[in-house]
Amino acid sequence: MTIKIAASILNADMNQLAKEIDSVKNHIDWLHVDIMDNHFVPNLTWGPLVVNAISAYTKKTLFVHIM
């Protein structure tokens, strides 16, 4: 069995997102991105522009959880 580690960016500092990703990139397999739309769930998180920017910044697989 292979175990994959996915670090959530939900609590990352949005002003330093690249630095936050860099701080864990050597210890993880995937980045976990929670998408909350403030319609179906009461919170609002990342939108498509941020997810596209993260995808362009890192080679890590994005594990996207759409709520």
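This is a predicted model: local features need pLDDT of at least 70, side-chain atom pairs count only at pLDDT 80 or more; totals for chains, interfaces and linings use all residues.
The crossing in which helix 1 passes helix 2 is right-handed. On the side of helix 1, the contact is made by Leu17, Ala18, Ile21 and Asp22, while helix 2 contributes Val50, Ile54 and Tyr57. Sorted by class, this contact of helix 1 with helix 2 comprises six nonpolar residues and one charged residue, with no polar residues.

Within helix 2, the residues Val50, Val51 and Ile54 are buried. Viewed down the axis of helix 2, these buried residues fall within an arc of 100°, and they therefore line one face of the helix. An α-helix has 3.6 residues a turn, so residues three or four places apart point the same way. The buried residues of helix 2 pack against helix 1, and also against strand 2 (30–35) and strand 3 (61–66). On the other side of helix 2, by contrast, Pro48, Leu49, Asn52 and Ala56 are exposed.

A further local feature concerns Asn38, which is placed in the loop between strand 2 and helix 2. Although Asn38 is not a glycine, its phi is positive, at about 65°. Asn38 is partly exposed, because its relative accessible area of 47% falls between the limits of 20% for buried and 50% for exposed residues.

Methods
Residues are numbered from 1 along each chain as its sequence is written. Side-chain values use heavy atoms; hydrogens and water are left out. A crossing is left-handed if the near helix is turned anticlockwise from the far one by less than a right angle, and right-handed if clockwise. Helices (H or I, at least four residues) and strands (E, at least two) are DSSP runs, numbered from the N terminus. Contact means heavy atoms within 4.5 Å. Ala, Val, Leu, Ile, Met, Phe, Trp, Tyr, Cys and Pro count as nonpolar, Asp, Glu, Lys and Arg as charged, and the others, Gly among them, as polar. Buried means under 20% relative accessible area, exposed over 50%, partly exposed in between (1.4 Å probe, protein chains only). The arc is that of the directions from the helix axis to the C-beta atoms.
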